[in-house]
Amino acid sequence: TGNGTITDEIADKALNARKAREAAKKARDTVRNGIEKKQKAYQAVFTEATAFEMNEELQAKATSQEIFAEGVTGAYISEILEAKNDAGEVLGYVMSFASKEGYGGEIIVSMGIDLTGTITGLQVLTANETAGLGAKCKDEEFASQFTGIQNSTVTYTKTGKTNPNEIDAIGGATITTKAVTNAVNNALAFVYNNTAVAGEGANE
């Protein structure tokens with residue numbers, strides 16, 4: 001029986017070791033998948049860039065406080081990376097940020113902005129807004145309106161956009177539209193005041 005107990009212990013240790021290895025691999029895969037997913041999201045909003053790299057000083061500034069734009073509440077920046085080309089030159093920045101004031105809670109957004117201060121792309125990554133209304137913030141039809149805007153402030157309208165820095169609000173979802181726009185303006189305020197971006201709309 002003594003040998004049996006030892007054999008069982010060895011088997012248990014081997015099983016536990018295998019479980020630990022599997023858990024470690026799963027954790028690594030989860031992290032890698034998360035990084036790959038984030039890289040894909042950034043690639044989607046800044047297609048000209050081939051690499052996205054952390055600038056520690058910039059990241060520290062972006063996360064040192066939540067609000068960077070006047071009149072904005074309930075927004076924060078979680079990450080900013082330098083968007084680079086194959087030669088390692090900085091083309092602009094990609095950011096992950098959020099509004100805590102969506103109708104259904106937090107709305108998480110990724111956005112690219114080049115050195116002229118022009119938005120290169122925007123995607124709403126996470127939103128728990130009302131289906132058929134606020135949930136449309138994740139649709140290309142809404143998000144694509146931000147692409148090409150070169151201004152330190154974006155506004156929304158319910159009567160049809162007439163200015164280059166305007167977007168059309170989502171019908172029946174003003175709270176969602178305002179939440180996304182405020183989060184964007186908070187991110188723009190940070191970029192315009194703390195990076196190499198010097199767009200024409202900086203002082204408008």
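This report walks through the fold, the charged pairs and the aromatic pairs of a predicted model.

## Overall layout

The protein chain carries four helices and seven strands. Going along the sequence, they come in the order α-β-α-β-β-β-β-α-β-β-α.

## A salt-bridge network around Lys84

Side chains of opposite charge can pair when their charged atoms come close. There are four salt bridges in the structure. Which residues join up into a network? Glu53, Glu82 and Lys84 are the ones linked this way.

Start with Lys84 and Glu53, whose side chains meet at 2.9 Å, N to O. This pair ties together distant parts of the chain, with Lys84 in strand β2 (residues 75-84) and Glu53 in strand β1 (residues 51-54), 31 residues apart. Lys84 also bridges to Glu82, and here the closest N and O atoms are 3.7 Å apart.

Is Lys84 buried or exposed? Its relative accessibility is 13%, so Lys84 goes down as buried. Glu82 is buried as well, at 14%. Glu53 is partly exposed, because its relative accessible area is 36%.

## The Lys100 and Glu66 bridge

Another of the salt bridges pairs Lys100 with Glu66, with 3.0 Å between the closest N and O atoms. Again the link spans distant parts of the chain: Lys100 belongs to strand β3 (residues 90-102), while Glu66 sits in the loop between α2 (56-62) and β2, 34 residues apart.

How accessible are the two partners? Lys100 has a relative accessible area of 40%, which means it is partly exposed. Glu66 comes out at 38%, so it is partly exposed too.

What does the side chain of Glu79 touch? It makes a polar contact with the side chain of Tyr42, at 2.8 Å. Setting aside neighbours within four places in sequence, the contacts of Glu79 include Lys38, Met54 and Gln59. Val94, Met95 and Ser96 are also among them.

## Aromatic pairs

The structure has three aromatic pairs. In one of them, the ring centres of Phe68 and Phe190 lie 5.0 Å apart and the planes make an angle of 65 degrees, so the arrangement is edge-to-face. This pair bridges distant parts of the chain: Phe68 is in the loop between α2 and β2, Phe190 is in helix α4 (residues 174-194), and 122 residues separate them. Both Phe68 and Phe190 are buried.

Phe142 and Phe146 make up another edge-to-face pair, at 5.6 Å centre to centre with 80 degrees between the planes. What about their burial? Phe142 has a relative accessibility of 4%, so it counts as buried. Phe146 is at 0%, and therefore buried as well.

Conventions. Residues numbered from 1 in each chain as written. Predicted model: local features only at pLDDT ≥ 70, side-chain atom pairs only at ≥ 80, totals over all residues. Heavy atoms only, no water. Helix = DSSP H or I, 4+ residues; strand = E, 2+ residues; numbered from the N terminus. Buried < 20%, exposed > 50% of the residue type's maximum accessible area, 1.4 Å probe, protein only. Polar contact = N/O pair within 3.5 Å; in protein donor to acceptor, adjacent residues only side chain to side chain. Contact = heavy atoms within 4.5 Å. Phe/Tyr/Trp six-rings, centres within 6.5 Å; stacked < 30°, edge-to-face > 60°.
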